[in-house]
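This report concerns the structure shown below. Please keep the sequence and the model at hand while reading.

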Amino acid sequence: MNYIGILMYKIQHGKWTISDSEDEDNIIPPTPQKDSNKPSIKPDLERKPDKITTFFKQEPKLTRTATHVNQTNPVKYESNPSPSVKRKRETEEAGWNLSSSDDETPTSALKNEPKKSKVSPKRKKTEDKRPPSPHGTSYYKEEPADFFETNLLSMNDMYRFYLNKVTGIPKKFNTGALHIKEILSPMFGTLKESAQFNYCFDIPWMVEQYPPEFRDKPVILVHGEKRESKARLIEHAKPYPHICFCQAKLDIAFGTHHTKMMLLWYEEGFRVIILTSNLIRADWYQKTQGMWMSPLYPRLPEGSPETAGESPTNFKRDLLEYLEAYQAPELAEWIDRIKQHDLSETRVYLIGSTPGRYQGPAMEKWGHLRLRKLLSEHTKPVQNEEQWHVLGQFSSIGSMGLDKTKWLAAEFQRTLTTLGKPGKSLVYPSVENVRTSLEGCPAGGSLPYSIQTAQKQLWLHSYFHGWHADVTGRSNAMPHIKTYMRVSPDFTQLAWFLVTSANLSKAAWGTLEKNNTQIMVRSYELGVLYLPSAFNMSTFPVEKNVFPASSSSKGFPVPFDLPPQRYSSKDQPWIWNIPYAQAPDTHGNVWVPS
């Protein structure tokens, strides 16, 4: 489909209004038409909390809602070309797994009553109705008994970078990968208490991932919800008295609490996990995700000074500073616990974003200027450094501006190309990648690149490369992982590697203001940076045989194939809010958003 075709779809399938905000887009889908041949489906508004599953995540200052109210399903049978195609199935989930859209489509709360008139011209932010989740409860299959690890022999603890397990791929590609049930299992420690920082929560599902012996241990959920969506989250936790909450402050419009981190306190010590998965089932099923899992940190001797237990990467200091940025009394106990533990074995650097406007030395604490500072201080020159490639890979794209000089090829490129000035490759799934994926078109619900943003930055699409991951057996598991790296001209060595929650957006990474004397960051993000110097290496060799994992491997397990493959002339980036009806996906469906 070419871009003229995309714009024709826009005309034929409903009008969209572009928001006046630089980083935010707005959609007004056409009003769903009632199918007289189908019985009306009433939303089950009285469902008990233990039956409520994933709710669609919307932006702060607005609300998240059960999006099956007055909606139509975008996943349809490919039975004939008639407009009146039938649904393959009615969804039983409460919302679309649009995980980690940090920069797309602010919306207002949906109303149960029918729409009576057009939105008032005075309203800047218009109502946005989303399709329901394409995943019904019958979609998921229980994993076989041998799906989960029973010991740690296959773990490679050199880099402590792991992919998630994926249902439906050969077993060898899951050997050494981790599922959330394994992370929370007694294999890694006797859990006393945990903190879950995240963007989307399915509380009943999350509770079930803890083993029975830990299921009633205290958990604090750190979230960014407000108003109705906050009330709904609290309501869903009522059956679980061991759960409490900490609301992250989001004082800058369109920011999100996008950080994904687990703090696990054991009888044996303490552990940190920084990851890319939301706490919803779809994110741990057939998507590619990544995580860094810390070593087990032992408790320091009584009376140790506050500076004790620091790593060469200053990870302890930076983690404490990140948690203190929440200014949340609910996290004080966790801050004290971290101070009491020895984090000296950490070999990664923390890269965080916290909302705010920063000047002077504080500019280098957060966002892409934090990354720039670390790369400047801790990377050494390499031969032919100007020829080393920068790769960025992500699952959501924000507004970059009318041309590359507005942000991407200006301040952000300066950060990423500390070692030189080559072109960049951006890895983002194509329409064909999504159509042929394990999930089929529903995978596109977690790749929220909108037509409103795309049509303003067609220049960006010349950077795009498809998702191909034969090296990890995950070519058909669409990426929700976000990675950035610097790789040698022959794609065998890495100068650095970053896994993070931060997508390609100014909201996540920050943007310079006031003649470059101030940086403004909208969202909370968190990732870890791997630098060879922290491992007493000059570069990281790229691992050619990632799976099955081996504890003796010295290569870095890059999650996708190198070199990346540029889009063909027929490829287009997946845009989630336009139809794809020319060919069915792997489940026989086509994608027709309302």
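Predicted model: local features only at pLDDT ≥ 70, side-chain atom pairs only at ≥ 80, totals over all residues.

## Basis of the report

## Annotated active site

In UniProt, an unreviewed entry assigns the annotation "active site" to His258 and His480. These two residues are spread over 223 residues of sequence, yet they cluster in space, with a largest C-alpha distance of 12.8 Å.

Both positions can be located in loops. His258 lies in the loop between strand 5 and strand 6 (261-266), while His480 belongs to the loop between strand 13 (464-465) and strand 14 (483-487). The relative accessibility of His258 is 0%, so His258 counts as buried. For His480 the value is 1%, and therefore His480 also counts as buried, the cut-off for a buried residue being under 20% relative accessible area.

## Annotated binding site

The UniProt feature "binding site", again from an unreviewed entry, is placed at Lys260 and Lys482. This pair is likewise spread over 223 residues of sequence but clusters in space, the largest C-alpha distance being 11.9 Å.

Lys260 is situated in the loop between strand 5 and strand 6, the loop that also holds His258. Because its relative accessible area is 0%, Lys260 is classed as buried.

## The buried side of helix 4

Helix 4 spans residues 227-236, and its buried residues are Ser229, Leu233 and His236. These residues cover an arc of only 65 degrees around the axis, which means that they lie on the same side of helix 4.

Which elements cover these buried residues of helix 4? The cover includes helix 3 (203-209), strand 4 (219-223) and strand 5 (243-247).

The largest cavity contains about 180 Å³ of space.

How many residues line the largest cavity? Its lining consists of 18 residues, and those nearest its centre are Asn156, Phe161, Val546, Ala549 and Pro557. By residue class, the lining of the largest cavity comprises 9 nonpolar, 7 polar and 2 charged residues.

Definitions and conventions. Residues numbered from 1 in each chain as written. Heavy atoms only, no water. Buried < 20%, exposed > 50% of the residue type's maximum accessible area, 1.4 Å probe, protein only. Helix = DSSP H or I, 4+ residues; strand = E, 2+ residues; numbered from the N terminus. Arc of directions from axis to C-beta. Contact = heavy atoms within 4.5 Å. 1 Å grid on protein atoms, 1.4 Å probe; cavity = no way out; pocket = protein on both sides within 12 Å on 5 of 7 lines; lining within 4 Å. Points joined across faces, edges and corners; volume = space filled by probe spheres on them. Nonpolar A, V, L, I, M, F, W, Y, C, P; charged D, E, K, R; others polar. UniProt positions renumbered as here; feature names shortened; annotations may be inferred.
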